[in-house]
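Hi,

Here is the model we talked about, ready for you to open. Have a look first, and then read on for what turned up in it.

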Amino acid sequence: MVDYDQDAVETRIRQSFARQGAMETLGASLSRVSPGVVEIELAYDPKLTQQHGFLHAGVISAALDTACSYAAYTVTTPEISLLTIEFKVNLMSPGRGERFLFRGEITKPGSNIIVADGRGYALTEGPAKLIASMTSTMMVIRGREGISG
C-alpha cells in the first residue's frame, strides 16, 4: 500500500477517468474514491440495454472492470499504470433499475499483480439489488512508452 494522500489520489483518478471515452459514452460518473475502493454510478438508459430492456452484460462488465482498475490505482504510486489481464463476471440478476452502482475493492495489492473484486447493484426505491460480481487481475506497468495512468 502506498502513502495515501486522499486529495492527490482522487485528483489523479478523476483526471484519468475523464480521459475514458468509454465511460463518457456510457454516462458513468465516479461517486467514491477512497483507499482500496472506487464506486462508479450509471443511470438507466435504453441505449445501454440488450433486447429485453436489461442493462447489457457488456456495459456491466465495462463498469465493473473500470471500478476495479481505479480501486487498484488507489494503492499504487503516481508513475504506475495498470492493464487488466483477466476478469471473470458472474451475472446474478437482470440489470433492471433506475440507477446502477459498481464498486471495486482491492483484494490483494501487489507490486506486479493486483487483484480486485467488484460488485454491481441495481438501485431503485428500496434496498440495492446485487446484479453482478467480478474478480479482476491487473498487471502493473512501469516505464512503458505510450502507457500512463
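Let me start with Arg-32, which sits in strand β1, residues 29-34. Please keep in mind that this is a predicted model. With a relative accessibility of 34%, Arg-32 counts as partly exposed, since that class lies between the 20% and 50% limits. Its side chain makes a polar contact of 3.2 Å with the side chain of Ser-34. Setting aside residues up to four places away in sequence, Arg-32 touches Val-37, Val-38, Glu-39 and Arg-103. For a sense of distance, the C-alpha atoms of Arg-32 and Arg-99 are 15 Å apart, with 67 residues separating them along the chain.

Two of those contacts deserve a visit of their own. Glu-39 belongs to strand β2, and Arg-103 to strand β4. Their side chains are joined by a polar contact of 2.6 Å. Is Glu-39 buried or exposed? Its relative accessibility is 10%, so Glu-39 counts as buried, the limit for that class being 20%. Leaving out neighbours within four places in sequence, Glu-39 is in contact with Ser-29, Leu-30, Ser-31, Arg-32, Leu-101, Phe-102 and Arg-103.

How many strands does the open sheet have, and in what order? There are 6, in the order β1-β2-β4-β5-β6-β3, and the pairing is antiparallel. The edges are taken by β1 and β3 (81-91), each of which has a single partner strand, so one side of each lacks a neighbour in the sheet. From one strand to the next, the twist averages 20°.

Strand β5 (residues 113-123) is joined to β6 (residues 129-141) by 10 bridges, and the two run antiparallel. Within this pair, Tyr-121 has Leu-130 of β6 as its bridge partner, and Gly-118 has Met-134 of β6. The hairpin of β5 and β6 has 5 residues between the strands, and Gly-126 there takes a positive phi near 105°. Strand β3 is also joined to β6 by 10 bridges, running antiparallel; here Leu-82 has Val-140 of β6 as its bridge partner.

Helix α3 (residues 57-73) lies across β2, β3, β4 (99-108), β5 and β6, and runs at about 50° to β6.

These two helices also meet each other. The packing angle between α1 and α3 is about 145°, and their axes are 10 Å apart. The crossing of α1 past α3 is right-handed. Which residues make the contact? From α1 they are Arg-12, Ile-13, Ser-16 and Phe-17, and from α3 they are Thr-66, Tyr-70 and Tyr-73. Sorted by class, the contact of α1 with α3 has 4 nonpolar, 2 polar and 1 charged residues.

Best wishes

Definitions and conventions. Residues are numbered from 1 along each chain as its sequence is written. This is a predicted model: local features need pLDDT of at least 70, side-chain atom pairs count only at pLDDT 80 or more; totals for chains, interfaces and linings use all residues. Side-chain values use heavy atoms; hydrogens and water are left out. Helices (H or I, at least four residues) and strands (E, at least two) are DSSP runs, numbered from the N terminus. Buried means under 20% relative accessible area, exposed over 50%, partly exposed in between (1.4 Å probe, protein chains only). Contact means heavy atoms within 4.5 Å. A polar contact is a pair of N or O atoms within 3.5 Å; within protein, one must be able to donate a hydrogen and the other to accept it, and residues adjacent in sequence count only if both atoms are side-chain atoms. Two strands pair if DSSP finds at least two bridges between them. Axes are lines fitted to C-alpha atoms, for helices over the stretch in contact, and angles run from 0 to 180 degrees between N-to-C directions. A crossing is left-handed if the near helix is turned anticlockwise from the far one by less than a right angle, and right-handed if clockwise. Ala, Val, Leu, Ile, Met, Phe, Trp, Tyr, Cys and Pro count as nonpolar, Asp, Glu, Lys and Arg as charged, and the others, Gly among them, as polar.
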